[in-house]
Amino acid sequence: MNAVGTLCLNLRNSRLARGWSQELTAELAGIPYRYLQDIEAQRRPGIRLATIERLGKALGVEPWELLKPDRFPTPQNKRGRSARA
């Protein structure tokens with residue numbers, strides 16, 4: 001898997017492990033929801049480092065962790081919550 005694919009999978013798994021929706025994650029990272037949706041679907045091959053940093057900060061992880069293969073295992077719950085818990 002390439003770096004973009006790894007990033008997309010780790011981003012999704014990290015978000016779902018927290019039980020967060022794409023909408024909530026995007027809001028916390030300060031990016032548009034549709035942009036996050038496109039990143040996770042691998043429709044954004046040219047993701048800026050600043051965006052990775054914002055997503056890492058929102059998720060409480062270092063940006064490099066989002067690029068490390070198999071860093072975040074696939075969670076059991078595959079749907080995120082919209083409301084903050």
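**Close-up views of a predicted helical model**

**View 1. Surroundings of Leu 66.** Leu 66 touches Thr 6, Leu 7, Asn 10, Leu 11, Ile 52, Leu 55, Gly 56, Leu 59, Val 61 and Phe 72, leaving aside residues up to four places away in sequence; contact means heavy atoms within 4.5 Å. The model is predicted, so local features need pLDDT of at least 70 and side-chain atom pairs count only at pLDDT 80 or more, whereas totals for chains, interfaces and linings use all residues. Residues are numbered from 1 along each chain as its sequence is written, and side-chain values use heavy atoms, without hydrogens and water.

**View 2. The largest nonpolar core.** This core has 19 residues, and those with the most contacts inside it are Ile 31, Ile 39, Leu 55 and Leu 66. A nonpolar core is a set of buried Ala, Val, Leu, Ile, Met, Phe, Trp, Tyr and Cys residues joined through side-chain atoms within 4.5 Å; buried means under 20% relative accessible area with a 1.4 Å probe, protein chains only. Helix 1, helix 2, helix 3 and helix 4 each give two or more residues to the core, and helix 4 gives the most, with four. Helices are DSSP runs (H or I) of at least four residues, numbered from the N terminus.

**View 3. Packing of helix 1 on helix 3.** The two helices pack at an angle of about 120°, their axes 8 Å apart. Axes are lines fitted to C-alpha atoms over the stretch in contact, and angles run from 0 to 180 degrees between N-to-C directions. Cys 8, Leu 11, Arg 12 and Arg 15 of helix 1 meet Leu 36, Ile 39 and Glu 40 of helix 3.

View 4. A polar atom of the Ser 21 side chain lies 3.0 Å from the backbone nitrogen of Leu 24. Gly 30, with a positive phi near 75°, follows helix 2.

**View 5. Buried face of helix 3.** Tyr 35, Leu 36, Asp 38, Ile 39 and Glu 40 are the buried residues of helix 3, and they pack against helix 1, helix 2 and helix 4. Gln 42 follows helix 3 and has a positive phi near 60°.

Definitions and conventions
Polar contact = N/O pair within 3.5 Å; in protein donor to acceptor, adjacent residues only side chain to side chain. Buried < 20%, exposed > 50% of the residue type's maximum accessible area, 1.4 Å probe, protein only.
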